[in-house]
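Here is a short note for your first look at this model. Keep the structure open beside the text and find each part as you read.

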Amino acid sequence: MTILLATRSSADDQALWLGLLQAALPNERFVTTGDVATRDTSTDHLVDIAVVANPPAAALQNLPNLRFIQSLWAGVESLLSDTTLPTEIPLARMVDPAMNTAMAETALWAVLSLHRQYFECAAQQLQRRWQSVPQPRADEVNVAVLGRGQMGCAVAARLVQNGYRVSAWSLHAATQEGVQSHHGAAALQHVLQSADIVVNVLPLTVATRGLLNAQTLAWMRAGSSLVNLARGAHVVDADLLNALNSQHIRRAVLDVFHTEPLPSDHPFWTHPQVTVLPHVAAQTDPRSAVQVVARNVSALRSGNSLSNLVNRQAGY
Ligand code: GLV
């Protein structure tokens, strides 16, 4: 049987993935697709596994023997929004400790930079301005982490390790050592009101789309900051811009956007209180991700249970 690698990435990237996948799964045969319209479909009936990275819509249509889909992305909302995606076939998302570590590092960098006013110092440097900034201790800074999946837990643990006062919120109950846990829609207001810095690592689902809007941003403390490392669609951009312009929100560090790349005329690019990152908080690392793929492919071939399966109803 055959594994289809379906991505939107460049030919060079595809070649890199193919090389690593082939090395990790030497007995498997791989085919690729970039462009659904022009691809060779003569081997479609042989494909029984698809490995996908944000694939073009309809990339998995007409694969009559498909038995398993492995995403190379942690977030699968765009895959699930493709109405041609076969509904009965098990779908696994990427869960890779290397990505959790990367996310924890990015969150720590953003929190440290906000806490120690790095962004203000960088702006001062441009004006050759020498002005001291306040120096609270980490244990005086309240950080709220939204999202308690693998990444949320890694982020919260890293922040606790670095001395911050950490609370975490998710729709469903969970606990974690050293972290004040809250769950359910009714608890969100309290969590946002108590935080100096809010870090969003929620999955994007029907329940979380637009969660950071005029009302919830107003719940955030005056002078607090938002770090969005999850998905652009968690945030209502116009509401965030209003909250920044009124100085209610001090700063936003944004890695993700409604449209990516962020359009060149978007106000976030030049807003003095916004830091734009090009969706780099936790990129899939091909070296470790192929091992995750290989484990699931081997499990499928030997009839063992698959890991990290997506609950399509929940959306992650
Ligand atoms: C990146 O954003 C991912 O979902 O893997």
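1. Start with N62. It sits in the loop between strand 3 (47-53) and strand 4 (68-71). Strands here are DSSP runs of E, at least two residues long, and helices are runs of H or I, at least four long; both are numbered from the N terminus. N62 is not a glycine, yet its phi is positive, about 60 degrees.

2. A word on the source. This is a predicted model: local features need pLDDT of at least 70, side-chain atom pairs count only at pLDDT 80 or more, and totals for chains, interfaces and linings use all residues. Residues are numbered from 1 along each chain as its sequence is written, and side-chain values use heavy atoms, with hydrogens and water left out.

3. The order is 2-1-3-4-5, and the pairing is parallel. Two strands pair if DSSP finds at least two bridges between them. Strand 2 (29-33) and strand 5 (91-92) are the edges, each pairing on one side only.

4. Look inside this sheet. Six bridges link strand 1 (residues 2-7) to strand 3, in the parallel sense. L4 has A50 in strand 3 as its bridge partner.

5. Now the helices on this sheet. Helix 1 (residues 11-24) lies across strand 1 and strand 2, at about 165 degrees to strand 2. Helix 9 (residues 286-301) lies across strand 1, strand 3, strand 4 and strand 5, and runs at about 160 degrees to strand 3. Angles run from 0 to 180 degrees between N-to-C directions; axes are lines fitted to C-alpha atoms, for helices over the stretch in contact. Contact means heavy atoms within 4.5 Å.

6. Strand 10 (residues 224-228) and strand 11 (residues 249-254) run parallel, joined by five bridges. L226 has A252 in strand 11 as its bridge partner.

7. From E260 to P261 it is cis, with omega near -5 degrees. P261 lies in the loop between strand 11 and strand 12.

8. Which residues are around the ligand? They are W73, A74, G75, M99, R231 and H279, each with a heavy atom within 4 Å of it. By class, three are nonpolar, two polar and one charged.

9. Finish with the polar contacts (N or O pairs within 3.5 Å). A polar backbone atom of G75 is 2.7 Å from a ligand oxygen. A polar side-chain atom of R231 also lies 2.7 Å from an oxygen atom of the ligand. For H279, a side-chain N or O atom is 2.7 Å from a ligand oxygen. Taken alone, the ligand exposes 190 Å², and the protein buries 89% of that (Shrake-Rupley method, 1.4 Å probe).

Notes
Polar contact = N/O pair within 3.5 Å; in protein donor to acceptor, adjacent residues only side chain to side chain. Nonpolar A, V, L, I, M, F, W, Y, C, P; charged D, E, K, R; others polar.
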